[in-house]
Amino acid sequence: MARVVRDVVGSGLDGVLVTPGPDLVWLTAYRPTAITERLTVLVLRPDRQPTLVVPALERPDAEAAAGTAAVSFVEWTDGTDPYQVAGALLCPSHTYGISDAAWAIHLLGLQRQVPHSSYVALAEGLPMLRAVKDAGELARLTAAGAATDMVFEQIVQTRFAGRRELEVAAELAALLRQFGHEQVDFTVVGSGPNGANPHHEAGDRVIEHGDTVVLDFGGLMFGYGSDTTRTVSVGEPSAEVRQVHGIVRQAQQEAVEAVRPGVSCQHIDRVARSVIGETGYGEQFIHRTGHGIGVTTHEPPYIVEGEQQPLVPGMCFSIEPGIYLAGRFGIRIEDIVTVTPDGCRRLNNTSHELWVVD
């Protein structure tokens with residue numbers, strides 16, 4: 001919370017309002033049992049102690065969270081106006097950053113109560129709020145990455161041909177939990193032509209001999225995210241599949257090697273994109289090169305054209321170029337990396353080869 005307040009001073013904001021969601025969990029470890037219409041908001045200002053406005057009936061749970069020992073509480077009860085309570089902590093004519101996931105009813109209520117105040121989304125006002133990880137966060141992300149590596153090493157020992165995508169996805173989910181994940185966020189299993197859809201949702205398609213299969217999976221472990229992608233071939237791949245996989249592998253490797261402090265996010269995207277573009281597949285690389293990861297599996301920084309944010313040691317993000325041939329197959333390789341003082345370190349370390357499975 002002290003670090004956020006320091007960031008506020010240099011941002012042009014007068015304070016930050018944090019509603020239930022990833023930012024509140026990151027700052028206080030408080031995750032309400034249910035996010036409802038009842039207003040809960042953490043007010044951070046440079047000129048006062050952190051203050052958590054909370055419904056009276058939820059205060060005991062909030063007080064039990066590890067990080068709320070550092071805040072003062074202001075409670076409100078049903079039948080009273082929570083915006084009057086929270087509004088007393090705000091100043092007219094000031095500008096506040098507010099959580100991206102804040103409900104419109106809460107933002108509008110605060111605007112009504114403090115009519116000359118103004119608000120910007122935290123993604124705009126403090127886009128790098130959670131981007132630089134400390135040692136404890138890096139340890140959790142490293143453990144989550146190692147767990148997904150173990151999941152992959154297990155899944156490639158199983159049979160793919162003759163199974164539905166849904167069956168493989170269910171096994172991935174079970175393995176993620178077996179290796180320590182408390183939450184599974186996604187298990188993409190894109191076989192054959194379905195692999196050309198980067199976010200394909202596993203379905204009833206039966207995986208066939210000769211298919212390529214894109215496996216993209218992850219979730220939360222110790223409250224921090226994992227996300228990795230590898231592409232496998234069911235039986236010996238064709239020469240074209242090997243060629244396309246080799247291009248993606250080179251693009252991913254060169255993008256990883258380009259990571260170092262001071263380089264812009266968009267530069268990493270450009271490196272990956274140039275490798276693929278030079279081979280004639282530029283139009284088939286249809287998404288950004290990567291996204292940040294932390295208490296959520298997608299967060300800033302984004303590795304995309306137009307993002308000029310310089311890389312800083314402690315940032316963690318994916319590098320995941322891909323080529324997608326509609327109606328035929330797709331190839332993607334993804335690792336999470338963290339920026340180090342002289343380059344980067346991969347948090348995923350399974351082989352990048354084109355795995356051949358049964």
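**Figure 1. Salt bridges: this model has 19 of them.** A salt bridge here is a side-chain nitrogen of Lys or Arg within 4 Å of a carboxyl oxygen of Asp or Glu. Side chains of opposite charge can pair when their charged atoms come close. Before you zoom in, note that this is a predicted model: local features need pLDDT of at least 70, side-chain atom pairs count only at pLDDT 80 or more, and totals for chains, interfaces and linings use all residues. Residues are numbered from 1 along each chain as its sequence is written, and side-chain values use heavy atoms, with hydrogens and water left out.

**Figure 2. Asp 23 meets Arg 130 in a salt bridge.** Their closest N and O atoms are 2.3 Å apart. Asp 23 belongs to helix 2 (residues 22–28) and Arg 130 to the loop between helix 6 (122–125) and helix 7, so this pair ties together parts that are 107 residues apart in sequence. (Helices, H or I with at least four residues, and strands, E with at least two, are DSSP runs numbered from the N terminus.) Are these two residues buried or exposed? Asp 23 is buried, with a relative accessible area of 9%, and Arg 130 is buried too, at 13%. For this label, buried means under 20% relative accessible area, exposed means over 50%, and partly exposed is in between (1.4 Å probe, protein chains only). Look around the pair as well: Asp 23, Arg 130, Lys 133 and Glu 299 are linked in a network of salt bridges.

**Figure 3. Here are two other salt bridges, Arg 332 with Glu 320 and Arg 242 with Glu 236.** In the Arg 332–Glu 320 bridge, the closest N and O atoms lie 3.8 Å apart. Arg 332 sits in strand 15 (residues 329–332) and Glu 320 in the loop between strand 13 (316–319) and strand 14 (322–325), so the bridge ties together parts that are twelve residues apart in sequence. Arg 332 is buried at 2% relative accessibility, and Glu 320 is buried at 9%. Now switch to Arg 242 and Glu 236, whose side chains meet at 3.4 Å, N to O. Arg 242 is partly exposed, at 42%, while Glu 236 is exposed, at 59%.

**Figure 4. Phe 152 and Trp 355 form an edge-to-face aromatic pair.** The count of aromatic pairs comes to two. In this one, the rings are 5.1 Å apart centre to centre, with 85° between the planes. Rings of Phe, Tyr and Trp (its six-membered ring) pair if their centres lie within 6.5 Å; planes under 30 degrees apart count as stacked, over 60 as edge-to-face and the rest as tilted. Phe 152 lies in helix 7 (residues 135–155) and Trp 355 in strand 18 (residues 355–357), so the pair ties together parts that are 203 residues apart in sequence. Both Phe 152 and Trp 355 are buried.

Figure 5. Ser 233 counts as buried, at 1% relative accessibility. A polar atom of the Ser 233 side chain lies 2.7 Å from the backbone oxygen of Gly 235. Which residues does Ser 233 touch, not counting those up to four places away in sequence? They are Asp 211, Thr 212, Leu 354, Trp 355, Val 356 and Val 357. Touching, or contact, means heavy atoms within 4.5 Å.

**Figure 6. Helix 5 (residues 104–113) has buried residues His 106, Gly 109 and Leu 110.** They cover an arc of only 95° around the axis, which puts them on the same side of helix 5. That arc is taken from the directions from the helix axis to the C-beta atoms. An α-helix has 3.6 residues a turn, so residues three or four places apart point the same way. What covers the buried residues of helix 5? The cover includes strand 1 (15–18), helix 4 (82–87) and strand 6 (118–121).

**Figure 7. Gly 15 sits in strand 1.** Gly 15 is buried, with a relative accessible area of 0%. Leaving aside neighbours within four places in sequence, Gly 15 is in contact with Val 8, Leu 44, Arg 45, Thr 95, Tyr 96 and Gly 97. The C-alpha atoms of Gly 15 and Tyr 119 are separated by 9.7 Å, and these residues are 104 residues apart along the chain.

Methods
A polar contact is a pair of N or O atoms within 3.5 Å; within protein, one must be able to donate a hydrogen and the other to accept it, and residues adjacent in sequence count only if both atoms are side-chain atoms.
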